[in-house]
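Visitor: I have a model open here and would like to go through a few details with you.
Guide: Gladly, ask whatever you like once it is on the screen.
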Amino acid sequence: MTQLMTEDGIRCDGRRVDELRDISLKVGVLKKANGSAYIEFGKNKIIAGVFGPRDVHPKHMANQDTGILRCRYHMSPFSVTERKNPAPSRREIEISKVIKEALQPAVILKDFPRTVIDVFVEVLQADGGSRCAALDAAAVALADAGIPMRDLVSACAAGKVADRIVLDVNNEEDQEGQADMPVALMPNVGKITLMQLDGILTPEEYKTCLHTAIGGCKRVYEIQRKALMEKYFQNGEQ
Amino acid sequence: MDVKRRYVIPGDVIATGPLRPEHNVYQDGDRIIATSVGISEIYENVVRVIPLTGTYVPKTNDLIIGKVIGTSPLSWEFDINSPFMGFLPAQDVFGRDYSPTKDELRQRLDIGDLVAARIANFDRSRDPLLTVQDRDLGKMESGQLVEISPSKVPRLIGKRGSMIQTIEMATKAMITIGQNGWIVISCEVPDGLLKAIEAIKMVDALAHTPNLTERVKSMLGVPAGEYNDTIND
């Protein structure tokens, strides 16, 4: 087993406990999609494309009163060390569902009845915490597509590694750590849209973990905001 | 009255207080929050966001350009560059005594034809209903189709049509702008046509920048006028 944390609180990739990995986010990378974004979240490389509002196929899924949201999270065969079968796995189906449910409260679909908004998320390289990174990219892609939204959705994980609560769990810490808690937040509305927990935490640890994750989400939000501003207004705030 | 403008993204609080929310904003308690990327405006008591991205949502009375994609016995179906399909009833073209057995829809408008039409009715519960019963509406006989982002159409038209008039005068082209982002340009002179297309693409790319009319003028080689437009006229 690798050593996950040194005595003085430096993690296996050289970060401190409350430090995020490097994040870069680019908006509008796909020409044929209505909205798109590419995120590099540490070693994660994820591309998100949004299509729609458009006609629903199959037709029976359409809702006469509101638009619907569909989401597909997919990992490329080359995104992990061992070839991943490209067919949707149990894990990918679950993540598609949680991403959809995390985005649902943010998007306003009532103006587009009988239509669908499709969100495609493709993981090109995975390195732990890919659902959060995927969600960050998907939210920005939705804004880029001009879908009305109550707020952006920012996501970040926190966890417990070597008996300490850490922000933004990476792959090694996820595999060998004690807990992993992905959280998604609508930062201005102040509501959580995704909260999962894998592992065991005491009630106090749970509280600190959640607060750490929310702090991370807020920092991710600033990056999302900057990326959108850069695309649409070039030089940021006027 | 002074108009306050700001660049916003979804979730940004534009203002608090007793104001009326209009396009692309929603009210949460006394806060008014943007729902799309764009430029916020507070004008008198009204708050709205002019979006910089997004699809075309039909509005009654909009002039649009549609492309025939199919026919049914009683109507044409149009692609109007929107999530919804446009419907043009056969009676609108043939008159009251239209009969599916005697008249042939495709003789008037065939698949692939471009048509300037007006949205007669749209209430979100059914697809938008079109009409061609007005001056200058109907089949577009000639011209070049240019597509721009529908959210940038107001910018292309400009303040009381200033931008489009500038382009039309400088290139001697006839430009029909559909609110759905489809534009048909017809011009006798090939050079003018290319210039007009270039100018429209320029407006599409630089829609958020100030003094755009001046920039378009200098690109088209028109002497600078006395106008000084602002970010969103």
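Visitor: Which residue in β5(B) is the bridge partner of B:Ala15?
Guide: Keeping in mind that this is a predicted model, the residue that bridges to B:Ala15 is B:Ile32 of β5(B).

Visitor: And how many bridges do β2(B) and β5 of chain B pair over?
Guide: Three bridges link β2(B) with β5, which covers residues 31-34 of chain B, and the two strands pair in the antiparallel sense.

Visitor: What's the strand order in that sheet?
Guide: The order is β2-β5-β4 in chain B, an open sheet of three strands with antiparallel pairing. Because β2 (13-16) and β4 (25-28) of chain B each have a single partner strand, they stand at the edges, and one side of each has no neighbour in the sheet. Ignoring direction, neighbouring strands of this sheet are turned by 25° against each other on average.

Visitor: How many residues does each chain bring to the contact?
Guide: Chain A contributes 26 residues and chain B contributes 21 residues. On the side of chain A that touches chain B, the elements giving two or more residues are β3 (44-55), α2 (130-144) and α4 (203-233) of chain A, and α4(A) gives the most, with five residues.

Notes. Residues numbered from 1 in each chain as written. Chains lettered and ligands numbered in written order. Predicted model: local features only at pLDDT ≥ 70, side-chain atom pairs only at ≥ 80, totals over all residues. Pairing = 2+ DSSP bridges. Helix = DSSP H or I, 4+ residues; strand = E, 2+ residues; numbered from the N terminus. Axes fitted to C-alpha atoms, helices over the stretch in contact; angles between N-to-C directions. Contact = placed C-beta atoms within 7 Å.
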